[in-house]
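Have the model open while you read.

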Amino acid sequence: MKYVDPHAHMVSRTTDDYERMALAGCVALTEPAFWAGYDRGSAEGFRDYFRLLTHTEPRRAAQYGIRHHTWLCINAKESEDVALARSVLAIIPEFLTAPGVLGIGEIGLNKNSKNELLIFDEHLELARRFGTLVLVHTPHLEDKLKGTRLIMDAIRNQGIDPGRVLIDHVEEHTVQQVLDRGFWAGMTLYPETKCTAQRACDIIECYGRERIWMNSACDWGVSDPLAVPKAAMEMRRRGHGEDLVRRITFENPCTFLSQSPNFRAE
Ligand SMILES: [Zn+2]
């Protein structure tokens, strides 16, 4: 099987993980900028991080035949510091033309705070100005539904085409609205929180195969870089054919991501 993992934080994974993903059929992945597990002290810390994302990780991935792509932003958590966030926003354009950069992400909301919303909106302006794709993180648990609505309204108010935006970490109570409003939906497969492989299969069976994908969102926490091929195995176990598996794990990510000229699956 050949698949794309559209959300993987490889800076926090080992080279062995690249090898295991390649052996499982991963041909391309995309890595959104995120919270590194600690708050960075200055915009220069982000410049170094963006260099890692645009130069170092593509080289590591290429050793295993995986095409690496990335998204740039300051995450919602660190956006609480508006002055820091604005100084990071100012350096992002320097990196937007690097090979493999798909757009702005993963932006979004964490606690649905006023500052987070302000900086979310400024990221959207940047995406609109440079005509890039957008990858959006939605908040956890009880904040998810409200946060998802706030996010979709802000995107609509910016006049950005929802077909160029992926709303990630959807769950049963948010997926329908995301799809109804014309966005793409990402299901994050986590061993404990977010979606399990079983729940992701249930969602596909209930809401269909259009504009939806699965990702591992593997990072420094409890997560599994092989979550996508494992979910594909669950789909087959339920009797779904290879056409559906390929659609969700390869064709849908390629359709959305190919809207950027910098995406290449192989
Ligand atoms: Zn993430």
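Which strands and helices do the buried residues of H8 pack against? They pack against strand S1 (3-5), H7, strand S8 (212-215) and helix H9 (242-257). Keep in mind that this is a predicted model. The buried residues of H8 are Ala-227, Val-228, Pro-229, Ala-231, Ala-232 and Met-235. Just after H8, Gly-239 takes a positive phi of about 95°.

Now for the helix pairs. Two packed helices are described by the angle between their axes and the distance between the axes. Here are two such pairs:

| Helix pair | Angle between axes | Axis distance |
|---|---|---|
| H2 (residues 43-62) and H3 (residues 82-95) | roughly 35° | within 9 Å |
| H7 (residues 197-207) and H8 (residues 227-237) | about 60° | 9 Å |

On the H7 side, the contact uses Ala-197, Gln-198, Ala-200 and Cys-201, while H8 brings Lys-230, Ala-231, Glu-234 and Met-235. Sorted by type, that contact has 5 nonpolar, 1 polar and 2 charged residues. Ala-231 and Met-235 turn up in this contact, and both are buried.

Over at the other pair, H2 passes H3 in a right-handed crossing. From H2 come Ala-43, Phe-46, Arg-47, Phe-50 and Thr-54, and they meet Leu-84, Ser-87, Val-88, Ile-91 and Phe-95 of H3. This contact splits into 7 nonpolar, 2 polar and 1 charged.

Notes:
Residues numbered from 1 in each chain as written. Predicted model: local features only at pLDDT ≥ 70, side-chain atom pairs only at ≥ 80, totals over all residues. Axes fitted to C-alpha atoms, helices over the stretch in contact; angles between N-to-C directions. Helix = DSSP H or I, 4+ residues; strand = E, 2+ residues; numbered from the N terminus. Left-handed = near helix turned anticlockwise from the far one by under 90°. Contact = placed C-beta atoms within 7 Å. Nonpolar A, V, L, I, M, F, W, Y, C, P; charged D, E, K, R; others polar. Buried ≥ 20, exposed ≤ 12 C-beta atoms within 10 Å, placed from the backbone.
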